[in-house]
There are 2 protein chains.
Amino acid sequence: MIHTNVLSDLKNRTAQSQKALKIGLFGFGCVGQGIFELLEQSKGINAEIIKIGVKNQDKVRSGVGGFKSVQPLLTYNAAEILYNPEIDVVIELIDDAEAAYEMVTTAMREGKAVISANKKLIANHLEELLALQKEFDVPFLYEASVCGSIPIIRNLEEYYNTDFLSSVETICNGTTNYILTKTAMEGLTYNQALKQAKDLGFAESDPTLDVQGFDAKFKLIILVLHAFGVILKPKKVLNYGIHNLNIADTIFATENGFKIKSLAKAYKVGEELVAYVAPHFVGSSHEFYNVNNEFNAVQVAAQFAEKQTFIGKGAGSHPTASAVLSDLAALRYGYQYEYKNIGQELTYNPKLIHKVYFRYRNPSDLMGLNFLNITEHHQGHELSFIIGEISLENLIEVNLNEREGVFLSFF
Amino acid sequence: MIHTNVLSDLKNRTAQSQKALKIGLFGFGCVGQGIFELLEQSKGINAEIIKIGVKNQDKVRSGVGGFKSVQPLLTYNAAEILYNPEIDVVIELIDDAEAAYEMVTTAMREGKAVISANKKLIANHLEELLALQKEFDVPFLYEASVCGSIPIIRNLEEYYNTDFLSSVETICNGTTNYILTKTAMEGLTYNQALKQAKDLGFAESDPTLDVQGFDAKFKLIILVLHAFGVILKPKKVLNYGIHNLNIADTIFATENGFKIKSLAKAYKVGEELVAYVAPHFVGSSHEFYNVNNEFNAVQVAAQFAEKQTFIGKGAGSHPTASAVLSDLAALRYGYQYEYKNIGQELTYNPKLIHKVYFRYRNPSDLMGLNFLNITEHHQGHELSFIIGEISLENLIEVNLNEREGVFLSFF
């Protein structure tokens, strides 16, 4: 039996530590409770929650039901977690991105591994978070931040690093997709569908981040880092929402054989990278045509693997908890993201020209929009629209999300 | 900054070896050539093919085109690879499962890491291959053996080990799916579609393993090991093929709103495991309804992640090469499958009763089949069929693949 040097090197992996990982958890909403529950049930992960940081202890106490063992773990003093020498891993699951930023960065500086699901925090601070991981040599994992239970970040990191990626395309906002499904398939108005989404807990009381495409943009920016190694500033990337969709747009789509889906897309054009979030007309042969309601999907195209589609639940307590737990399991074998694609010679190009449908009320709605190659201009009593080409940069400049009474969809 | 013990342990990972992995490759068909090409292009993997074992050097010489550098690497003496102390990794990509078995097991005994795409070899020798990995502490990776470029084995190993899986369902034979797509969507007969698949290179000259469900069964057995930790013997698992499909069956499916898809399924029923390969009637709301032609798909259901669907190219030189390359990249950080689910208290149960459609010609075709709860029995000049329930065990006993003039599909 011959052991060559390289292979012997490969085998010298540190045996997994047998001691339980000690966890400090921030936030005890649905996801936090799901994680607590699953860790109690699962024999697979040797990890234990020893502190739970909450803003309002009374609120949690009333909600925990079977979690009798939770009460002694609660604290509302973040320092009891962040500066606790017993705690190895901080799991951050709170809504407030600014407070989360403090927790995550402090925990990393304290040498703790951190797991977060907070896409806004991550997308807004990519450079700093990369630097902290390097400086303090701590793992920072956030699979749950993009498409919930769909294991897309880990797959981009580990599986596609050998292949040449050309595009990533995703339905990554469950609220938006739910509303679009209801408007297309049940004929609801935007407001009716939004109300239904709120009633079912799919939409927050202020849905701006979701319906105007900000949430999807944060997720796209995280995907772009792992897929293409490029750090995009949120302000430089177009996000156009669905909040001005009306029945006429839905009918236009249906009559032309399309569904409207909000897509976040990034792809290479030569040595340039394009990225944007916008409603798109999607035909029945597209893999996303039947991705309905709160489901999410990601499609990756690569030179060798060709097109890969992942479909799953993108939000909700259990799918999100599942993604957090998989990060925790990965920590047990010392896993860290390697960001292997950083250093590619790719330049971000926001000047791409794209074919769009633009519905409007009167000529003043067109102010500042520079359409090129208009192929159809319909002006009617009921409906006026232009089909033509326009640059992403132009759409960012006019801040289209704030313009009422108009709606735009990409072809 | 505090470094606790557990986290410090986790961080003590061996740095990746900087030396190039030396590869011995068996087989230089489409996949092998794809790998050679991609390794030359990719800066991501520090690995080099130093020997290529082929059966017929002349055949390769004529086909290599641009691969001038290939000629000096060729050998038809397997020992030059298997006993070569310079070689760290053996990649086995030959058709012959018996010869592949010799190569794979010898390489492992010689302390080499092995990558294989040979599902037949793997499914038939699971226990021995597990034992060899343990005894010689060598990685044996085979992502390319199941669903080509879809990263399903690695995801089952790494991502779902924290979750409680309940089922795995897959379209994993591209030849079969191509034929079924053409019969359903273009009205071709089975034989016309098979001929087309052969002409396009999707089917082999002897398609038995594919169209009778053996290939899918081998893949299912590999998935079951990683998903549920159970080792199934191929003989004990039902595989019923599509080779006796006729137009009447296709029309029956279409009229009832279904497509016929060959599915390989495994799922838990309490503490028991069920597994089988058979044609199924699939409705338009099923995620696999639009998985057409040579595409593959896998759906995993888990307690927390809920349903996850992966769709991609299951065969072909580039998708398969992509999966092999990702295994090679994983070897660089010492990756080995951990088979974490082995040891679950799951018993294989082949006695499950399933609702089926059974089309036949005359009463003697029913010999040995014990239908329960017959809900429809149609006897006609053109078409006779039974809709009723039957046990998997009964279908295995009568060896239905060998019975001509009949066709069965699961609901």
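Colleague: Why is A:Ser322 called buried?

Modeller: In this predicted model, A:Ser322 has 32 other C-beta atoms within 10 Å, and since a residue counts as buried when 20 or more lie within that distance, A:Ser322 is buried. Its place is in helix 14 of chain A.

Colleague: What does A:Ser322 touch, leaving out residues up to four places away in sequence?

Modeller: A:Ser322 touches A:Ser149 in its own chain, and B:Asp163, B:Ala302, B:Phe304 and B:Ala305 in chain B. The C-alpha atoms of A:Ser322 and A:Gly148 are separated by 8.1 Å, although these residues are 174 residues apart along the chain.

Colleague: What makes A:Cys147 count as buried, and where is it found?

Modeller: A:Cys147 has 29 C-beta neighbours inside 10 Å, and because the cut-off is 20 or more, A:Cys147 counts as buried. It is found in the loop between strand 6 (140-141) and helix 8 (152-158) of chain A, and A:Cys147 has a positive phi of about 60° although it is not a glycine.

Colleague: Why is A:Tyr339 called partly exposed?

Modeller: A:Tyr339 has 16 other C-beta atoms within 10 Å, and as buried requires 20 or more while exposed requires 12 or fewer, A:Tyr339 falls in between and is partly exposed. A:Tyr339 also has a positive phi, of about 50°, without being a glycine, and lies in the loop between helix 14 (317-332) and strand 13 (347-348) of chain A.

Colleague: What makes helix 9 of chain B oblique to helix 10 of chain B?

Modeller: Helix 9 (residues 174-186) and helix 10 (residues 190-199) of chain B pack at an angle of about 130°, with their axes 9 Å apart. Roughly perpendicular covers 65 to 115 degrees and roughly antiparallel needs over 145, so helix 9 of chain B is oblique to helix 10 of chain B. The crossing of helix 9 and helix 10 of chain B is right-handed.

Colleague: Which residues of the two helices meet?

Modeller: B:Thr175, B:Tyr178, B:Ile179, B:Lys182 and B:Thr183 in helix 9 of chain B meet B:Tyr190, B:Ala193, B:Leu194, B:Gln196 and B:Ala197 in helix 10 of chain B. By class, this contact has 6 nonpolar, 3 polar and 1 charged residues.

Colleague: Which residues have the most contacts inside the largest nonpolar core?

Modeller: They are A:Val324 and B:Val324, in a core of 263 residues. Beyond its neighbours within four places in sequence, B:Val324 is in contact with residues including B:Val31, B:Ile35 and B:Ala144.

How values were computed
Residues are numbered from 1 along each chain as its sequence is written. Chains are lettered from A and ligands numbered from 1 in the order in which they are written. This is a predicted model: local features need pLDDT of at least 70, side-chain atom pairs count only at pLDDT 80 or more; totals for chains, interfaces and linings use all residues. Axes are lines fitted to C-alpha atoms, for helices over the stretch in contact, and angles run from 0 to 180 degrees between N-to-C directions. Helices (H or I, at least four residues) and strands (E, at least two) are DSSP runs, numbered from the N terminus. Angles under 35 degrees count as roughly parallel, over 145 as roughly antiparallel, 65 to 115 as roughly perpendicular and the rest as oblique. A crossing is left-handed if the near helix is turned anticlockwise from the far one by less than a right angle, and right-handed if clockwise. Two residues are in contact if their C-beta atoms, placed from the backbone, lie within 7 Å. Ala, Val, Leu, Ile, Met, Phe, Trp, Tyr, Cys and Pro count as nonpolar, Asp, Glu, Lys and Arg as charged, and the others, Gly among them, as polar. A nonpolar core is a set of buried Ala, Val, Leu, Ile, Met, Phe, Trp, Tyr and Cys residues joined through C-beta atoms within 7 Å.
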